[in-house]
Amino acid sequence: MYRNIVSAVCGILISMGSFAQDTGMNGILEQISQNNRQLKAYQSYMASQNLANKSENNLQDPEVSAFYLPFGEHQTGDYTEYQVSQQFEFPTVYGARSKRIEKQKELLELEYETLSQKILLNAKKQLLELQTLQKRKELEEKRVEQSKQVYDQIQRLFNAEQIGILELNKAKVAWLQEQFELDRINIRIRNTLLELQKLNGGNTIEAEEVQFFEDPELAEMQTLWEEKLSEDAEIKQLKARENLAQQQVKLEKNKILPDLSIGYNYQGVNSSNYSGFLGGLSIPLWNSKNKVKAAEANLEYNQANTGAETAELYTRFQEDYQQYQLLKRKYEEYQETFQDLNSEELLFKAYELGEFSFLDYYREVEFYRQAYNNMLEMEKELLQLKATLLKHQL
């Protein structure tokens, strides 16, 4: 019986240590990406930050001033003057700042994508956990039923005074242990569903929605790394920060140029008046001091940090990839060895025929069950590790 189950499990969930999701899992992940509260909050934050960044490139408010001087000793009439002026930075500054705003927007989008991939990876691992727990639940239900059959048989033998109370108590304890294990699995399933519900913005997810099918093997390590370099938001974020720092240098260099002002001025006394245009420029002596150097130093830091962070991410990626390959080989060896173990069905039949005492039967069946549980955990770890390696595809 269990040999068939193992074959079915391996055919459905994993082929040479690999797996894929059908529309069921993709649909759930899509729900989470739309409903997750953290992602919704970050979308609002992005909108506010983009508007705030755009506002930095606005013109200064125009200035209106007026003078009316009626007091004092003078032969002419009262003096009147008013002026309207507009001050603005050198035109190239607005172009440089506009490009910086675009870089800031790109960085915000990558930060959102990084957060999304992190949340969806967590959700995917929870779904894989749920898949394993559902399989364990099916097995434990069968094990509880089988333990009950053994207990009932021993109860009849005890009633017939063919065995003692000690063996009857052992059979009952074994049955109770299987019931307790089933209860523990049900609690873990409920907790996993609650975690998925939280990730889904409070909306419930049905366990039956999740289905898995086999998919191709992982690409070669270097090929997969190159794919991550072009698609992983965490990696692209490093280059985006570097590009933003580079644009900040260009902006600060443009801000060295003088500010300009233009306007209209009117002055009048009695029937005499003068009016015309005014213009001016600032002398950039103090305001821009050391700002270009500071921007260049920040650029150097980001360039160095990009290299350091990328190297660290590559090291972590290599470790995960090698761990996946090792675990896959161990899983395949475990699976091959597991095929040669005696199934619970055969053990139960042998026990019914009297070939095993209860103690020997229980010892053998516990070894078999623990071995199978270990294989399920190894399978789950393998799937979750692969999900981590393919995080950039979420």
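Reader: At the start of helix 7, which backbone nitrogen does a side-chain oxygen of aspartate 232 reach?

Author: In this predicted model, that oxygen comes to within 3.0 Å of the backbone nitrogen of glutamate 234.

Reader: How should I picture the helix itself?

Author: Start with the general idea: an α-helix has 3.6 residues a turn, so residues three or four places apart point the same way. Now the case here: helix 7 covers residues 233-254. Its 22 residues should span 32 Å at 1.5 Å a residue, and the end C-alpha atoms lie 31 Å apart, which agrees.

Reader: Thanks! How many helices and strands does the protein chain have?

Author: There are 10 helices and six strands.

Reader: Which strands pair with strand 5?

Author: Strand 5 (residues 260-269) pairs with strand 3 (residues 79-88) in the antiparallel sense, over 10 bridges. Strand 5 also pairs with strand 6 (residues 272-281), again antiparallel and over 10 bridges. To follow a pairing, look for partners: tyrosine 82 has tyrosine 266 of strand 5 as its bridge partner, while tyrosine 264 stands opposite phenylalanine 277 in strand 6.

Reader: And what do strand 5 and strand 6 form with the residues between them?

Author: They form a hairpin with two residues between the strands. In the turn, asparagine 270 has a positive phi of about 50°.

Reader: What share of the protein chain is buried?

Author: Of its 394 residues, 40% are buried. As for the surface, the chain exposes about 22,400 Å², with carbon and sulfur atoms supplying 52% of that.

Reader: Last one: how do contacts link up the sequence?

Author: Take the contacts between residues at least 6 apart in sequence: 83% of them join residues at least 24 apart.

Key. Residues numbered from 1 in each chain as written. Predicted model: local features only at pLDDT ≥ 70, side-chain atom pairs only at ≥ 80, totals over all residues. Heavy atoms only, no water. Helix = DSSP H or I, 4+ residues; strand = E, 2+ residues; numbered from the N terminus. Buried < 20%, exposed > 50% of the residue type's maximum accessible area, 1.4 Å probe, protein only. Contact = heavy atoms within 4.5 Å. Areas by Shrake-Rupley, 256 points an atom, 1.4 Å probe, with all protein chains shown as cover. Expected span 1.5 Å × (residues − 1). Polar contact = N/O pair within 3.5 Å; in protein donor to acceptor, adjacent residues only side chain to side chain. Pairing = 2+ DSSP bridges.
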